[in-house]
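I opened this notebook page to look up how charged and aromatic side chains pair with one another. The coordinates I worked from are shown below.

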Amino acid sequence: GFPGMIVSMRRFKENRFWHDTRRLIVSGGMPLATVVRYACDNGLGGLSFLAGIPGTIGGAIARNASFKRADQKEMPAMADLVEELLFFDLSTNAIIRLRKGDFTFAYRSCSLPSGVILAA
């Protein structure tokens with residue numbers, strides 16, 4: 001019933017992490033729980049708001065995941081964290097690098113073209 005293609009990155013063979021003291025680079029199909037655990041285990045902060053949100057990093061970016069506390073104070077969102085994406089653009093069939101400013105975030109959305117987030 002879906003007139004298109006669905007790409008699942010969950011079993012992507014390149015699901016890996018890289019990090020330095022300031023940045024974490026993650027494959028697009030990495031489950032959020034795995035990313036949060038890795039960040040905590042390696043002393044990298046700023047991702048705790050993703051704990052308990054189901055899905056992957058790619059999905060969290062595409063939907064600008066965030067968390068609102070019971071007292072209505074807005075917590076960080078993916079828009080606050082993402083610096084750069086490795087992206088497969090379906091319109092050109094090319095892998096491109098997008099930097100912050102090449103796309104914009106809004107409430108539960110991102111202005112990315114049709115494609116797949118390979119890494120962030």
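The entries that follow cover the salt bridges and then the aromatic rings.

Entry 1. Before anything else I noted that this is a predicted model, and I read every value below with that in mind.

Entry 2. I looked up the salt bridges and found 2 in the structure. In one of them Arg97 is paired with Glu84, and the closest N and O atoms lie 2.7 Å apart. I then checked where the two partners sit: Arg97 belongs to strand S6 (residues 94–99) and Glu84 to strand S5 (residues 84–89), so that the pair, 13 residues apart, links distant parts of the chain.

Entry 3. Glu84 also forms a salt bridge with Arg99, where the closest N and O atoms are 3.6 Å apart. This pair again joins strand S5, which holds Glu84, to strand S6, which holds Arg99, across a separation of 15 residues.

Entry 4. How accessible is Glu84? I found a relative accessible area of 26%, which makes Glu84 partly exposed. Arg97 also counts as partly exposed, at 47% relative accessibility, and Arg99 is partly exposed with a relative accessible area of 45%.

Entry 5. Turning to the rings, I found 1 aromatic pair in the structure. The ring centres of Phe103 and Phe105 are 5.5 Å apart and the ring planes stand at 75°, so I recorded the pair as edge-to-face. Is Phe103 buried or exposed? Phe103 has a relative accessible area of 5% and is buried, because the cut-off for that class is under 20%.

How values were computed:
Residues numbered from 1 in each chain as written. Predicted model: local features only at pLDDT ≥ 70, side-chain atom pairs only at ≥ 80, totals over all residues. Heavy atoms only, no water. Phe/Tyr/Trp six-rings, centres within 6.5 Å; stacked < 30°, edge-to-face > 60°. Buried < 20%, exposed > 50% of the residue type's maximum accessible area, 1.4 Å probe, protein only. Salt bridge = Lys/Arg side-chain N within 4 Å of Asp/Glu carboxyl O. Helix = DSSP H or I, 4+ residues; strand = E, 2+ residues; numbered from the N terminus.
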